[in-house]
Amino acid sequence: MRLLVISDIHANLEALEACLDAAPEYDRVYNLGDIVGYGANPNETTKRSRELGSIFVRGNHDKACSGLTNLDDFNPIAGLAALWTRQMLEPDHLAFLRELPQGPLEPMENVQLVHGSPRDEDEYLLMASDAYAQMAHAAVPLVFFGHTHVQRCFLLEADGPGKSLIPAYKSAKGKQTIKLELKANTKYMVNPGSIGQPRDNDPRAGFLLYDTDQKSITFHRVPYDIERAQKKIIEAGLPERLAIRLAEGR
Ligand code: ZN
(Lines give C-alpha, C1' and ligand atoms only; values in the text may rest on other atoms or scores of the structure.)
Protein backbone atom coordinates (compact mmCIF):
# COMPACT_ATOMS: atom_id res chain seq x y z
CA MET A 1 0.00 0.00 0.00
CA ARG A 2 1.11 3.53 -0.75
CA LEU A 3 0.25 6.15 1.87
CA LEU A 4 0.38 9.86 1.21
CA VAL A 5 1.39 11.48 4.52
CA ILE A 6 0.56 15.19 4.78
CA SER A 7 0.57 17.65 7.68
CA ASP A 8 0.21 21.30 8.65
CA ILE A 9 -1.63 22.54 5.58
CA HIS A 10 -2.56 25.69 7.51
CA ALA A 11 -5.20 26.97 5.10
CA ASN A 12 -2.69 27.35 2.26
CA LEU A 13 -4.66 26.21 -0.78
CA GLU A 14 -1.94 26.99 -3.34
CA ALA A 15 0.54 24.77 -1.50
CA LEU A 16 -1.97 21.95 -1.02
CA GLU A 17 -3.00 21.88 -4.68
CA ALA A 18 0.64 21.96 -5.83
CA CYS A 19 1.44 18.97 -3.60
CA LEU A 20 -1.56 16.97 -4.78
CA ASP A 21 -0.58 17.70 -8.40
CA ALA A 22 2.98 16.55 -7.73
CA ALA A 23 2.11 13.52 -5.61
CA PRO A 24 2.76 10.07 -7.08
CA GLU A 25 -0.05 7.51 -7.10
CA TYR A 26 -1.28 6.61 -3.64
CA ASP A 27 -3.97 4.45 -2.03
CA ARG A 28 -4.76 6.45 1.10
CA VAL A 29 -4.05 9.75 2.82
CA TYR A 30 -2.79 10.14 6.38
CA ASN A 31 -3.43 13.72 7.48
CA LEU A 32 -1.54 14.70 10.65
CA GLY A 33 -3.54 17.81 11.46
CA ASP A 34 -3.49 21.62 11.38
CA ILE A 35 -5.61 21.80 8.27
CA VAL A 36 -6.41 25.45 9.14
CA GLY A 37 -4.86 28.43 10.91
CA TYR A 38 -2.47 31.12 9.50
CA GLY A 39 -3.54 30.99 5.84
CA ALA A 40 -6.39 32.60 3.93
CA ASN A 41 -8.31 29.55 2.70
CA PRO A 42 -9.58 27.58 5.72
CA ASN A 43 -12.84 26.49 4.08
CA GLU A 44 -11.17 25.43 0.85
CA THR A 45 -8.39 23.42 2.51
CA THR A 46 -10.87 21.73 4.87
CA LYS A 47 -13.13 20.85 1.94
CA ARG A 48 -10.19 19.47 -0.05
CA SER A 49 -8.92 17.49 2.94
CA ARG A 50 -12.35 15.97 3.49
CA GLU A 51 -12.53 14.98 -0.17
CA LEU A 52 -9.15 13.26 0.12
CA GLY A 53 -10.48 11.43 3.14
CA SER A 54 -8.85 8.53 4.98
CA ILE A 55 -7.25 8.96 8.39
CA PHE A 56 -6.95 12.25 10.30
CA VAL A 57 -5.54 13.31 13.65
CA ARG A 58 -6.30 16.75 15.02
CA GLY A 59 -3.77 19.54 15.42
CA ASN A 60 -3.62 22.36 17.95
CA HIS A 61 -4.84 24.88 15.35
CA ASP A 62 -7.77 22.64 14.41
CA LYS A 63 -8.75 22.65 18.08
CA ALA A 64 -8.28 26.40 18.58
CA CYS A 65 -9.93 27.45 15.33
CA SER A 66 -12.97 25.27 15.97
CA GLY A 67 -13.37 26.62 19.50
CA LEU A 68 -12.36 23.41 21.31
CA THR A 69 -9.54 25.17 23.15
CA ASN A 70 -8.90 28.78 24.08
CA LEU A 71 -6.01 30.79 22.66
CA ASP A 72 -3.90 31.07 25.83
CA ASP A 73 -1.02 29.05 24.38
CA PHE A 74 -0.95 30.98 21.10
CA ASN A 75 1.29 33.94 20.34
CA PRO A 76 -0.60 37.12 19.37
CA ILE A 77 -0.22 36.58 15.62
CA ALA A 78 -1.36 32.94 15.76
CA GLY A 79 -4.21 33.99 18.05
CA LEU A 80 -5.42 36.68 15.65
CA ALA A 81 -5.31 34.20 12.78
CA ALA A 82 -7.22 31.61 14.82
CA LEU A 83 -9.98 34.11 15.66
CA TRP A 84 -10.24 35.16 12.02
CA THR A 85 -10.39 31.51 10.96
CA ARG A 86 -13.10 30.73 13.53
CA GLN A 87 -15.24 33.53 12.08
CA MET A 88 -14.64 32.46 8.49
CA LEU A 89 -15.26 28.71 8.80
CA GLU A 90 -18.56 27.40 7.51
CA PRO A 91 -20.53 25.55 10.23
CA ASP A 92 -20.11 22.16 8.56
CA HIS A 93 -16.33 22.51 8.29
CA LEU A 94 -16.15 23.86 11.84
CA ALA A 95 -18.01 20.77 13.08
CA PHE A 96 -15.71 18.49 11.08
CA LEU A 97 -12.59 20.08 12.60
CA ARG A 98 -14.04 19.96 16.10
CA GLU A 99 -14.67 16.23 15.77
CA LEU A 100 -11.24 15.25 14.46
CA PRO A 101 -9.78 12.47 16.63
CA GLN A 102 -6.91 12.96 19.04
CA GLY A 103 -3.69 11.08 18.30
CA PRO A 104 -2.08 8.67 18.61
CA LEU A 105 -4.01 6.57 16.11
CA GLU A 106 -2.90 3.23 14.71
CA PRO A 107 -4.39 3.00 11.22
CA MET A 108 -2.43 -0.16 10.47
CA GLU A 109 -0.23 -2.58 12.34
CA ASN A 110 3.08 -1.08 13.49
CA VAL A 111 2.26 2.47 12.41
CA GLN A 112 1.20 5.34 14.65
CA LEU A 113 -0.02 8.81 13.68
CA VAL A 114 0.31 11.81 16.00
CA HIS A 115 0.28 15.58 15.58
CA GLY A 116 2.90 16.45 18.22
CA SER A 117 4.27 13.30 19.85
CA PRO A 118 2.96 9.95 21.11
CA ARG A 119 2.81 11.20 24.70
CA ASP A 120 1.41 14.69 24.05
CA GLU A 121 -0.51 15.82 20.98
CA ASP A 122 0.77 19.40 21.47
CA GLU A 123 4.47 18.63 22.08
CA TYR A 124 7.06 20.09 19.69
CA LEU A 125 9.46 17.26 18.92
CA LEU A 126 12.48 19.29 17.80
CA MET A 127 15.24 17.80 19.98
CA ALA A 128 16.70 14.52 18.80
CA SER A 129 17.30 13.42 22.41
CA ASP A 130 13.56 13.79 23.16
CA ALA A 131 12.71 11.71 20.10
CA TYR A 132 15.16 8.92 21.02
CA ALA A 133 13.79 8.79 24.58
CA GLN A 134 10.25 8.31 23.26
CA MET A 135 11.33 5.82 20.58
CA ALA A 136 13.05 3.66 23.17
CA HIS A 137 9.63 3.08 24.74
CA ALA A 138 7.57 3.23 21.55
CA ALA A 139 5.02 0.47 21.06
CA VAL A 140 5.38 0.62 17.27
CA PRO A 141 8.43 0.90 14.99
CA LEU A 142 7.11 3.72 12.82
CA VAL A 143 5.56 6.97 14.04
CA PHE A 144 4.53 9.79 11.73
CA PHE A 145 4.34 13.20 13.42
CA GLY A 146 3.84 16.84 12.40
CA HIS A 147 3.56 20.10 14.35
CA THR A 148 7.17 21.32 14.03
CA HIS A 149 6.90 22.06 10.28
CA VAL A 150 10.38 20.55 9.85
CA GLN A 151 10.82 17.65 7.41
CA ARG A 152 13.08 15.07 9.02
CA CYS A 153 13.52 11.54 10.32
CA PHE A 154 14.75 10.30 13.69
CA LEU A 155 15.84 6.69 13.80
CA LEU A 156 16.98 4.35 16.53
CA GLU A 157 18.67 1.06 15.67
CA ALA A 158 18.45 -1.81 18.13
CA ASP A 159 21.40 -1.35 20.53
CA GLY A 160 22.73 1.48 18.34
CA PRO A 161 22.91 5.24 18.74
CA GLY A 162 20.10 7.44 17.52
CA LYS A 163 20.37 9.30 14.24
CA SER A 164 18.68 12.42 12.93
CA LEU A 165 18.30 12.64 9.17
CA ILE A 166 17.36 15.81 7.35
CA PRO A 167 16.70 15.27 3.63
CA ALA A 168 19.73 16.70 1.78
CA TYR A 169 18.22 18.26 -1.34
CA LYS A 170 20.60 19.62 -3.95
CA SER A 171 18.96 23.04 -3.73
CA ALA A 172 15.73 24.69 -2.62
CA LYS A 173 14.50 24.97 -6.23
CA GLY A 174 12.13 22.87 -8.34
CA LYS A 175 10.46 19.59 -7.41
CA GLN A 176 12.79 17.22 -5.61
CA THR A 177 12.56 13.91 -3.79
CA ILE A 178 14.76 11.96 -1.40
CA LYS A 179 14.13 8.27 -0.80
CA LEU A 180 14.86 6.44 2.43
CA GLU A 181 14.84 2.62 2.71
CA LEU A 182 13.45 1.44 6.04
CA LYS A 183 15.60 -1.12 7.84
CA ALA A 184 14.44 -3.97 10.07
CA ASN A 185 14.98 -3.77 13.84
CA THR A 186 14.99 0.01 13.68
CA LYS A 187 12.49 2.47 15.10
CA TYR A 188 11.55 5.57 13.16
CA MET A 189 9.83 8.86 13.88
CA VAL A 190 9.20 10.70 10.65
CA ASN A 191 7.89 14.18 9.95
CA PRO A 192 6.63 14.84 6.39
CA GLY A 193 7.22 18.58 6.83
CA SER A 194 4.55 21.21 6.42
CA ILE A 195 2.48 21.76 3.32
CA GLY A 196 1.35 25.29 4.10
CA GLN A 197 4.03 26.91 6.28
CA PRO A 198 7.47 25.20 6.15
CA ARG A 199 9.91 26.26 8.88
CA ASP A 200 13.11 24.51 7.80
CA ASN A 201 14.45 27.37 5.66
CA ASP A 202 13.09 25.74 2.50
CA PRO A 203 9.94 27.56 1.39
CA ARG A 204 8.75 24.67 -0.78
CA ALA A 205 5.79 22.64 0.44
CA GLY A 206 6.71 19.29 1.96
CA PHE A 207 5.06 15.87 2.24
CA LEU A 208 6.04 12.20 2.00
CA LEU A 209 4.97 8.90 0.51
CA TYR A 210 5.23 5.72 2.58
CA ASP A 211 5.32 2.53 0.51
CA THR A 212 4.59 -0.48 2.74
CA ASP A 213 5.57 -3.06 0.07
CA GLN A 214 8.89 -1.42 -0.80
CA LYS A 215 9.43 -0.49 2.86
CA SER A 216 10.49 2.98 1.86
CA ILE A 217 9.70 6.59 2.57
CA THR A 218 10.10 9.25 -0.10
CA PHE A 219 10.30 12.87 1.00
CA HIS A 220 8.99 15.44 -1.47
CA ARG A 221 9.47 19.21 -1.82
CA VAL A 222 7.28 21.12 -4.24
CA PRO A 223 7.39 24.77 -5.29
CA TYR A 224 4.05 26.58 -5.34
CA ASP A 225 2.67 30.05 -6.04
CA ILE A 226 3.84 31.70 -2.82
CA GLU A 227 3.04 35.21 -4.06
CA ARG A 228 -0.58 34.31 -4.60
CA ALA A 229 -0.88 32.79 -1.11
CA GLN A 230 0.78 35.91 0.35
CA LYS A 231 -1.54 38.26 -1.53
CA LYS A 232 -4.58 36.45 -0.17
CA ILE A 233 -3.27 36.69 3.41
CA ILE A 234 -2.75 40.46 3.08
CA GLU A 235 -6.12 40.99 1.38
CA ALA A 236 -7.85 39.01 4.15
CA GLY A 237 -6.43 41.43 6.71
CA LEU A 238 -4.38 38.72 8.42
CA PRO A 239 -1.04 39.73 10.02
CA GLU A 240 1.56 40.61 7.36
CA ARG A 241 4.17 38.45 9.10
CA LEU A 242 2.17 35.36 8.06
CA ALA A 243 2.69 36.31 4.43
CA ILE A 244 6.36 37.24 4.77
CA ARG A 245 7.36 34.01 6.48
CA LEU A 246 6.07 31.86 3.61
CA ALA A 247 8.81 33.18 1.33
CA GLU A 248 11.44 32.68 4.04
CA GLY A 249 10.40 29.14 4.83
CA ARG A 250 10.54 29.80 8.55
ZN1 ZN B 1 1.12 23.49 12.47
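1. In this predicted model, the zinc ion takes its protein donors from Asp-8 (OD), His-10 (NE2), Asp-34 (OD) and His-149 (NE2). These donors lie 2.0 to 2.4 Å from the zinc ion. Along the chain their spacing reads D-x1-H-x23-D-x114-H.

2. Asp-8 and Asp-34 link distant parts of the chain, being 26 residues apart. Asp-8 sits in the loop between strand E1 (2–6) and helix H1 (13–22), while Asp-34 sits in the loop between strand E2 (28–31) and helix H2 (42–52).

3. How are the four donor atoms arranged around the zinc ion? The arrangement is irregular, because the angles they subtend run from 88 to 174°. For four donors, a tetrahedral label would need all angles to lie between 85 and 135 degrees. Water is not among the atoms, so sites may look incomplete.

4. The largest pocket holds about 280 Å³ of space. Its lining has 15 residues, and those nearest its centre are Asn-60, Asp-73, Phe-74, Asp-122 and Tyr-124. Helix H3 (residues 60–65) gives the most to this lining, with three residues. By class, the lining of the largest pocket has four nonpolar, six polar and five charged residues.

5. The second largest pocket has a volume of about 210 Å³. It is lined by 13 residues, with Pro-141, Leu-182, Lys-183, Tyr-210 and Lys-215 closest to its centre. Strand E10 (186–191) and strand E11 (205–211) are the elements that give two or more residues to this lining. The residues lining the second largest pocket comprise seven nonpolar, three polar and three charged.

6. As to the overall fold, the chain contains eight helices and 12 strands. Its C-alpha trace spans about 50 × 35 × 30 Å along the principal axes. Of the 250 residues in the chain, 58% are buried.

7. What radius of gyration does the chain have, and what would a compact globule have? The chain has 17 Å. A compact globule with 250 residues would have a value near 18 Å, so the chain agrees with that expectation.

Conventions:
Residues numbered from 1 in each chain as written. Predicted model: local features only at pLDDT ≥ 70, side-chain atom pairs only at ≥ 80, totals over all residues. Heavy atoms only, no water. Donors = N, O, S within 2.8 Å, 3.2 Å for Na, K, Ca; no water. Tetrahedral: all angles 85-135°; square planar, octahedral: opposite > 155°, others 65-115°. Helix = DSSP H or I, 4+ residues; strand = E, 2+ residues; numbered from the N terminus. 1 Å grid on protein atoms, 1.4 Å probe; cavity = no way out; pocket = protein on both sides within 12 Å on 5 of 7 lines; lining within 4 Å. Points joined across faces, edges and corners; volume = space filled by probe spheres on them. Nonpolar A, V, L, I, M, F, W, Y, C, P; charged D, E, K, R; others polar. Rg over C-alpha atoms; globule rule 2.2 N^0.38 Å. Buried < 20%, exposed > 50% of the residue type's maximum accessible area, 1.4 Å probe, protein only.
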